[in-house]
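Here are my notes for you, written to be read with the structure open beside them.

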Amino acid sequence: MTVPEPVAAAARSMADRALSWLHANRALGALPPGTTEELADPDSVYKPLGETTLAASLLLRDGVAGPGQLAAAQSLMDFTWDQFRQGDMLYERQLRHTLMTDPLEVYAPFVRCGYRHADLDRLLAHRARLRSVDGVELLPNRRLAAANAARVVGLDREPGGGPDWDALARATWLGARPEPWAINWITAYAMTHTVFHLTDWGRLPHGMPPDLTAYVRTWLPVWIDIWREVQQWDLVVELLIVGASLDEPYCRPEDWEAVAALQHEDGLVPRDGDPVDDDPRERFTDHQHTVVVTAVAGSVALARAAGR
Amino acid sequence: MTTRADFAAATDELANRVLGALRGAGGTALVARHIDSAPDTLAALAAVRVLGADTFSPHLLAGTPFHADDAAAVARSLDAFPTPAAGPSARPEERTVAWRDWATAQLLARFGENGAPPAAAEPPGAADDLADTTDWQGWSVRMAQLATLATPGLDGPVHETARRAALPLARGVTRSVLRRDFPTAVRLVRWLAWLGHEGVDLPLDPAPVHEHVRLLGGASPRTALDLAVTDHLLTARPPEAVRT
């Protein structure tokens, strides 16, 4: 089974409109003037900028959007790269905080699209050789995030080779192939990220051990069903990305069409069933992440439909 | 006049009697006593109809004798209400009731002296509308309503469908637990346990989810009866060891 045509149609609409929204609203996601590498609240603006970068980088990587959308994605990358002072800010943050993984993770999508910062490359290569970095006690799905970022940046080609992906996968919640009825909301997010990083957002469908792929295929329909019922759209869209990233994609037209139908004309996708605020800044803060994952879902599904 | 609450109370009362017998607490002629001692005979007969095949479970699972008075009482309950239409135009709910009556009649024909009323003994058509599990959500809810059929010694088209549907049943269990619909979950776990008892490979281990829904499933006598049957299915010997 590949990606059915109605899913591809929904995916194109989702990706195009989501990208338009991210581009049109990009100024609302700008860092406050005078922001330095010392971030009091990294989750407020810095992390969303990284997420926007990720979405734009995947659209450019997959190359399945129309020419106008690809130009918008490139423009978004330029915008976020400027926000990070062409990488200087990421370099300063990584230099100041050796053990933090977020500068590496934010940098990785830029590298995917050819943006490089020579000093940061040298710093990351140095850092990658430190036992101290490897020994940091991250949650297993976070460790996978750092490992995938290192892979994208090319650090796994250093002497000593890459990580033991199977061991990293086994350490996660998903790796235990646990009772599917005992999942909860936050664990579902952890599960989606395990899949995202093992498959590098759909680029490596074989990146998951086959037994974990089979497990996800068995229970994903249930998880999509129950979180659709309670209108947890942000999580539902992440689950759609999971389905599109599997060795044999699981993409049910009804699920994709339901999300496409939720999307506003301007591209916004509500994060849940609550009313959407009218204030542009509130709208951006509340729903930016859902629009990002919608763009990613559309791009990954289109790429799989195109056989990439 | 018999109210909805009277029916519910009568069903709970009978479920408790069956449960007691299943646990070895005497209980000869429990169905006949249930009807004779009831303040409302109509409600008592309806309760027999609702529990259906489960009224035989002390006999099937615990080996207690099946009393001739009980056979007469079960036959009376089948006579007391019309068997619903089960043809191609019947609504799913009518077919569900018809299948439950069929199961009751099967056991009555086997253990009663005079057999079952012929109308209920006929299989309500092929289980065509149950064969398609594409809509596993709606399908599993219907299977939960048919949980009294998940009993050793019963076999028919619904069971054939279930044997081919371990995955939709397991998904139904998972969905109902996550939706906190524990009565449905309990009944679907019963089907899973039945499949395991039949030797079917299961995509989900029934034992932990059975214990989980036991702890969360509430204390209604009907749920307790489903749980008790599941206990037997999970711990029982292979099917040939069950006396029929």
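Predicted model: local features only at pLDDT ≥ 70, side-chain atom pairs only at ≥ 80, totals over all residues.

1. The largest nonpolar core holds 168 residues, and the members that touch the most others are A:Ala297, A:Ala301 and B:Val173. Helix 14 of chain A (residues 280-305) gives this core its largest share, eleven residues. Chain B takes part through both of its domains: domain 1 (1-122) and domain 2 (126-244) each contribute at least three residues to this core.

2. What does B:Val173 touch, once neighbours within four places in sequence are set aside? Within chain B, the contacts of B:Val173 are B:Ala185, B:Leu188, B:Val189, B:Leu192, B:Leu204 and B:Val209. A further contact, A:Trp181, belongs to chain A.

3. Eleven residues of chain B are in contact with nine residues of chain A. On the chain B side, the elements that supply two or more residues are helix 11 (166-178) and helix 13 (206-216). Helix 11 of chain B has the largest share, with six residues. Sorted by class, the side of chain B that touches chain A is made up of six nonpolar, two polar and three charged residues.

4. Now for chain B as a whole. Its secondary structure consists of 14 helices and zero strands. Along the principal axes, the C-alpha atoms of chain B fill a box of roughly 45 × 40 × 40 Å.

5. How much of chain B is buried? Of its 244 residues, 48% count as buried. Looking at contacts in chain B with a separation of 6 or more, 75% are between residues 24 or more positions apart.

6. Chain B is divided into domain 1 (1-122) and domain 2 (126-244). The centres of these two domains of chain B, taken over C-alpha atoms, are separated by 20 Å. Across the boundary, 23 residues of domain 1 of chain B are in contact with 22 residues of domain 2 of chain B. On the domain 1 side, helix 1 (4-22), helix 4 (57-62) and helix 6 (92-111) of chain B each supply at least two residues. Helix 6 of chain B gives the largest share of that side, eight residues. By class, the residues on the domain 1 side divide into eleven nonpolar, seven polar and five charged.

7. Helix 6 of chain A (residues 118-128) has A:Leu120, A:Leu124 and A:Arg127 as its buried residues. These three lie on the same side of helix 6 of chain A, because they cover an arc of only 60 degrees around the axis. An α-helix has 3.6 residues a turn, so residues three or four places apart point the same way. The other side of helix 6 of chain A carries the exposed residues A:Ala118, A:Arg122 and A:His126. As for partners, the buried residues of helix 6 of chain A pack against helix 4 (88-96), helix 5 (102-112), helix 7 (131-134) and helix 8 (140-153) of chain A.

Note on methods
Residues numbered from 1 in each chain as written. Chains lettered and ligands numbered in written order. Helix = DSSP H or I, 4+ residues; strand = E, 2+ residues; numbered from the N terminus. Buried ≥ 20, exposed ≤ 12 C-beta atoms within 10 Å, placed from the backbone. Contact = placed C-beta atoms within 7 Å. Core = buried A, V, L, I, M, F, W, Y, C linked by C-beta atoms within 7 Å. Domains from an automatic or database assignment. Nonpolar A, V, L, I, M, F, W, Y, C, P; charged D, E, K, R; others polar. Arc of directions from axis to C-beta.
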